[in-house]
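These are my notebook entries on one structure. I set down what I looked up, topic by topic.

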Amino acid sequence: MNLIIFGPPGGGKGTQSNNIVNDFDLKQISTGDLLRNEINLQTDLGKKIESIINNGELASDDVVNTLIEKIILDPDNFNRLIFDGYPRTILQTYSLEKLLKKFNQKISIVLSLNVDKDIILKRINGRVICDNCFKIFNVYFNPPNSKNHNCNKKYLIKRHDDNPKTILNRFETYVTKTNPILDYYKKTSSLYEIDGNQEIDEIYNKIKAILENIRD
Ligand code: AMP
């Protein structure tokens, strides 16, 4: 099955996707990670998008659609993708649907994490990511330690766009551009809205129960 995980920035999409990957034979695709990788490698694309991302704006639909197309074309990824942070606009949604159809696939399930703004701000404030294995931690709620993280500590960084000014912009962008996609999926797919304000494990137990009931 292919699934989409929606949620505001700092809403726990990446954390929950990591959990899902540990239990199901699925592969997480985060367009945010793909774009940050281009920036780290200082590719032509990375140089073009760096300031856009650091300001909390969206990269262009063409750029992300092209990255996603390469992933869907890979036979290794057939019908086993978790889309994390994609689609983020209605045009990206149409592009994704068209591509999946062309390659005899579909979205089986859409998970949407609903999280309050004050909780998002707290989570973003404490978030650190590993630049090597891409795991996500929070210095307050889920700190990295020798049990949950094997890479050298030097890889733990704060994202450039995780600051109070940019986060409000990213939240606003989510509400105006990404929220309308949910209306689309309400009509066309199985959409599950999940309370994302709870503890990581509580949220994951709900997600796991939903996924275990899907046969695809
Ligand atoms: P994320 O890691 O999902 O929080 O994404 C970080 C940033 O990457 C976003 O604030 C956007 O600037 C950019 N980005 C990620 N995914 C997309 C997308 N599907 N479309 C446009 N921009 C994106």
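**Entry 1: Salt bridges**

I began with charged pairs and found that Asp33 and Arg36 join their side chains in a salt bridge, at 2.9 Å from N to O. The model I am reading is a predicted one. I placed both Asp33 and Arg36 in helix 2 (residues 31–40), where they are three residues apart, about one turn of the helix. I then looked up the cover of Arg36: its relative accessible area is 19%. Buried means under 20%, so Arg36 counts as buried.

I looked next at helix 7 (residues 164–188), which holds both Asp183 and Lys186, three residues apart, about one turn of the helix. The side chains of Asp183 and Lys186 meet in a salt bridge with an N to O distance of 3.9 Å. Asp183 has a relative accessibility of 42% and counts as partly exposed.

I also recorded the pair of Arg159 and Asp161, a salt bridge in which the closest N and O atoms are 3.0 Å apart. Arg159 and Asp161 are both buried. Which residues are linked with them in a network of salt bridges? I listed Arg127, Arg159, Asp161, Asp162 and Arg170 as the linked residues. For the whole model I wrote down a count of eight salt bridges.

I then followed strand 5 (residues 127–130) to its partners. With strand 7, strand 5 pairs in the antiparallel sense over two bridges. With strand 6, strand 5 is joined by three bridges, and these two strands also run antiparallel. I traced Ile129 in both directions: its bridge partner in strand 7 is Ile157, and its bridge partner in strand 6 is Ile136.

Are the residues on the two faces of strand 5 buried or exposed? I found both faces covered: Arg127 and Ile129 are buried on one side, and Val128 and Cys130 are buried on the other.

**Entry 2: Backbone exceptions**

Before this entry I noted that most residues other than glycine have a negative phi, and that most peptide bonds are trans.

I stayed with the hairpin of strand 5 and strand 6, which has five residues between the strands. Phe134 is found in that loop. Phe134 is not a glycine, yet it has a positive phi of about 70°.

Gln42 sits in the loop between helix 2 and helix 3 (44–54). Its relative accessible area is 41%, and Gln42 is partly exposed.

Where is a cis peptide bond found? I located one joining Tyr86 and Pro87, with omega at about 0°. Pro87 lies in the loop between strand 3 (81–84) and helix 5.

I looked up Tyr94 in particular and found it in helix 5 (residues 90–102). Tyr94 is partly exposed, at a relative accessible area of 44%.

Note on methods: Residues numbered from 1 in each chain as written. Predicted model: local features only at pLDDT ≥ 70, side-chain atom pairs only at ≥ 80, totals over all residues. Heavy atoms only, no water. Pairing = 2+ DSSP bridges. Helix = DSSP H or I, 4+ residues; strand = E, 2+ residues; numbered from the N terminus. Buried < 20%, exposed > 50% of the residue type's maximum accessible area, 1.4 Å probe, protein only. Salt bridge = Lys/Arg side-chain N within 4 Å of Asp/Glu carboxyl O.
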